[in-house]
Amino acid sequence: MRITILIEGVLLLALSLAGIAEGLRLVIYKDPYTLYDPMGPGLYIIAIGIGLMILSVVHLVLHYRKPPAMEMVPVDRKMKIRMMSTVVVCTIYVLLINLIGYLLATILFFFLEFRVQGIRSWPLVIVLSLVLSAFYYLIFVQYCSVVFPRGIIFR
């Protein structure tokens, strides 16, 4: 039990340090030919990294000495397969986003993820994938002006 808490805390701490390092990189390195928002994404990432670091330290301090009493609940095979399938779908999404671009990769991601999560109606899966992808595209790309990869294929 203690090793699980230690692994959780160390992983959260490593993620927070990686986030802080990336945020600092975004704050320090500025392209002279680009306009920046004064707050910029770097400060947000640093703030989230610091928050995550605080939570990981609190988690380690509170639970390492006296771990919470937990009952081992067996996870059924179907749930394990669903979890591993979700990891595979996320990995495919990360690999495809730079290859085919944000919009197509997101549509494919939602399509596969809805199938993995048990939605069996093909029309519903297609409509949900298209609607959610369009919604995220409008919010992030059009409204927030976030630049996402267009993909190597479509340049």
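Residues are numbered from 1 along each chain as its sequence is written. Because the model is predicted, local features need pLDDT of at least 70 and side-chain atom pairs count only at pLDDT 80 or more, while totals for chains, interfaces and linings use all residues; side-chain values use heavy atoms, with hydrogens and water left out.

**Fold**

- The chain has 5 helices and 0 strands, where helices (H or I, at least four residues) and strands (E, at least two) are DSSP runs numbered from the N terminus.
- Along the sequence the pattern reads α-α-α-α-α.
- Of contacts between residues at least 6 apart in sequence, 61% join residues at least 24 apart; contact means heavy atoms within 4.5 Å.

**Burial and surface**

- Of the 155 residues, 19% count as buried, with buried meaning under 20% relative accessible area, exposed over 50%, and partly exposed in between (1.4 Å probe, protein chains only).
- The accessible surface of the chain is about 11,700 Å², and 75% of that belongs to carbon and sulfur atoms.
- Accessible areas come from the Shrake-Rupley method with a 1.4 Å probe, and for residues only the protein chains shown count as cover.
- A nonpolar patch on the surface is formed by I3, L6, I7, V10, L11 and Y64, which together have about 540 Å² of accessible area.
- Patches are made of residues with over 30% relative accessible area and no salt bridge; like charges are joined within 9 Å, and nonpolar side chains (Val, Leu, Ile, Met, Phe, Trp, Tyr) within 5 Å.
- Helix α1 gives the largest share of the nonpolar patch, 5 residues.
- L6 lies in helix α1 and is classed as partly exposed because its relative accessible area is 34%.

**Salt bridge**

- The structure holds 1 salt bridge, defined as a side-chain nitrogen of Lys or Arg within 4 Å of a carboxyl oxygen of Asp or Glu.
- This salt bridge joins the side chains of E22 and R25, at 2.5 Å from N to O.
- Both E22 and R25 lie in helix α1 (residues 2–28), 3 residues apart, or about one turn of the helix.
- E22 counts as partly exposed because its relative accessibility is 34%.
- R25 is also partly exposed, at a relative accessible area of 42%.

- F111 is in helix α4 and is partly exposed, with a relative accessible area of 22%.
- Not counting residues up to four places away in sequence, F111 touches W122, V125, I126 and S129.
- The C-alpha atoms of F111 and L124 are 9.7 Å apart in space, and the two residues are 13 apart in sequence.
- L132 is placed in helix α5 (residues 122–143) and counts as partly exposed at 25% relative accessibility.
- Leaving aside neighbours within four places in sequence, L132 is in contact with F110 and F114.
- From L132 to F110 the separation is 22 residues in sequence and 7.9 Å in space, C-alpha to C-alpha.

- On a 1 Å grid over the protein atoms alone, a cavity is a set of points where a 1.4 Å probe fits but cannot get out; lining residues have an atom within 4 Å of a point.
- Grid points are joined across faces, edges and corners, and a volume is the space filled by probe spheres set on the points.
- The largest cavity has a volume of about 30 Å³.
- Its lining consists of V89, I92, Y93, L96, A105, L108, F109 and L112.
- Helices α3 (77–100) and α4 (102–116) each supply at least two residues of that lining.

Conventions:
On a 1 Å grid over the protein atoms alone, a cavity is a set of points where a 1.4 Å probe fits but cannot get out, and a pocket is an open set with protein on both sides within 12 Å along at least five of seven lines; lining residues have an atom within 4 Å of a point.
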